[in-house]
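Hi everyone, thanks for coming. I'd like to walk you through one model today, so please have a look at it while I talk.

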Amino acid sequence: MALSLAGCSSTTPAPGARGAPSHIEITLIGFNDLHGNLEPPHMAHSVHGPAGPVLVPAGGMAYFASAMAALKAQSQHHAVVSAGDMVGASPLMSSLFLDEPTIEAVNRMQIDFNAVGNHEFDRGWRELLRLQHGGCEKFTNRQPCRISQPFEGAQFGLLAANTVREDGHTLLPATGLKRFTEGGVTVTMGFIGLTLQATPTMVSPSGVAGLRFEDEAATANALIPQLRAQGADVIVVAIHEGGGTKAGVQESSCSGLSGDIVPILERLDPAVDVVVSGHTHQAYVCDYSRVNAAKPFLLTSAGQYGTLLTDIQLRVDTQTRRVVRKTARNVVVQGEAFTGAQGFVPLTTAVPAFPPDAGVQKIIDTYRAAAVPLAQRPVGQAQGPMRRQPNAALETVLGNLVADAQLWATRAPEDGGAQLSLMNPGGLRADLVPDEQGLVRFGQLYAVQPFGNQLVVKTFTGAQIRAVLEQQFASAGNTLHRPRVLSVSSGFSYRFDLSQPAGARISQMVLNGVPVADVQSVRVVMSSFLDSGGDNFTVLTQGVNRRVGALDLDALEAYFRLQSPVALPATDRITRVAR
């Protein structure tokens, strides 16, 4: 099903353009939250088949490229824009090589722009600029240009209109233009790229030091006159912020639209024609005029991981230079059959299937050959699956495992003398499930912790530790409705009561059987992400006697090598007081 917005149009040729077309048709293709998923992510979308709902195996960048080419072929005029998180939090094959393979694969697809998301800042803004401009300068713990020497960088524009340096200039260009000419008439499409204003609360503060992230709607509104002055007839906002609806993948409805994108749209200039959104990993196509008649935007999101593409058709009146018809639909990128938690998911005739793009497949094959030997290397055994599913106290088996591994790696005096470990849930990117023999491989550990953080040990008082735990429920984006509960290592326990006021929710902190006093000094280990105040845990920046240690992934691997078979840690360290 396609969403359609139609308006009155003129068939009169543009003045001075004898025989010129009355309209120009443009295909705009949108996507978001690719997250470096070069290989099929073993995801399925439910669509309407002749006999009822059908699961479609979706994703894989070789198929994604082929689907994109098919959509481009619909029209001689086309543009492609991504709404962020193209890279970051990626599977091993991309992340191990600093997401260079993803950039190279997208280069092959010949897209136009990507509005940077929060995950583009995972390795810091200098590394982000390297992804744009190319080169082999080293900004991370991992070595760049291990396969491509040199790495050429993105051959499409990265946009970051509301990401501003201290000198007042944007880190990357704010806007972009693409022109389409037919019969002597040119129509210009203007793009504004925005990341979410809350980005600094989602990445390591050191990675965005010296930058400020300004209000999304205000930034876009201020840029529209500039784009008009440059000749832009069509205005497209690509924003790494989003929401969700109750509609299915093939439906075009604003039913139940909610999320952080809504207040932004309510303040956005109605001169905007299309808003391509992301961040929430939800798929929707929405005529926002059904929500607010004064804001006739076409709002889209293509879900996640390259499993969907949004096909947006725009008709532009060449006399009025305005969009007079908009239609949109989400296209499932049918890839290859797989067996997952839902059983075998075969290919289906309910939606088109796309052949793999040979050029993108060659890139994938090259990096797979380099990554597989490392990924398949055994590291130890586990006595069962370790998952991120929280219990009633928001405690997880996997989080406790990682917290224990961090403590084990740093408890010796010469390694920092840690007594307590803290681990943020957002740093755990995949469940850890051993094979039938209990074997765990390096690629699985990498999928759990792909960010390459270093372990940092610092001294805190008991009062500061209590304050950190209070921040789980009351610190910027950490709220009672959206708590971010840290995993804690074995030997530490506490209680929380959400019926109490902020500052009084944490009680009965105990370390190795002894109550923790406010004046007591405790050595705490955490990731370098938390050390710099990530996830709104600003108190963690206050520790003293800082010691930087090994990579978090190395600590987890060493734990498996020396503790195998690793038992499932108990989830009895945190008690939630029921009222």
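Let's begin at Gly 134, which follows helix H4 and has a positive phi, near 90 degrees. When I say helix or strand, I mean DSSP runs numbered from the N terminus: H or I of at least four residues for helices, E of at least two for strands.

Before going on, some housekeeping. This is a predicted model, in which local features need pLDDT of at least 70 and side-chain atom pairs count only at pLDDT 80 or more, while totals for chains, interfaces and linings use all residues. Residues are numbered from 1 along each chain as its sequence is written, and side-chain values use heavy atoms, with hydrogens and water left out.

As for confidence, the average pLDDT (the predictor's confidence in each residue, from 0 to 100) is 94, and 97% of the residues score at least 70. Do be careful with residues 4-17, where the pLDDT is below 50; in the model that stretch has 30 contacts beyond near neighbours in sequence. A contact here means heavy atoms within 4.5 Å.

Back to H4. Of its 9 residues, 7 are buried, where buried means under 20% relative accessible area, exposed over 50%, and partly exposed in between, using a 1.4 Å probe and protein chains only. Among the buried ones are Trp 125, Leu 128 and Leu 131. Their cover includes helix H3 (100-109) and strand S11 (211-213).

By salt bridge I mean a side-chain nitrogen of Lys or Arg within 4 Å of a carboxyl oxygen of Asp or Glu. The two residues sit 3 apart in H4, about one turn of the helix.

How many salt bridges does the structure hold? There are 22. In helix H12 (residues 552-563), Glu 557 and Arg 561 are 4 residues apart, and their salt bridge has its closest N and O atoms 3.3 Å apart. Glu 557 counts as buried at 11%, whereas Arg 561 is partly exposed at 44%. Shared partners also join Glu 39, Asp 365 and Arg 368 into one salt-bridge network.

Now for the sheet. Five strands form an open sheet in the order S24-S21-S28-S23-S29, with mixed pairing; two strands pair if DSSP finds at least two bridges between them. S24 (487-488) and S29 are at the edges with a single partner strand each, so one side of each has no neighbour in the sheet. S21 (residues 420-423) and S24 run antiparallel, joined by 2 bridges, and Leu 422 stands opposite Val 488 in S24.

Helix H8 (residues 397-410) packs on this sheet, and its direction makes about 135 degrees with that of S21. Helix H10 (residues 462-470) packs on the sheet as well, making about 120 degrees with S23. For these angles, axes are lines fitted to C-alpha atoms, for helices over the stretch in contact, and the angles run from 0 to 180 degrees between N-to-C directions.
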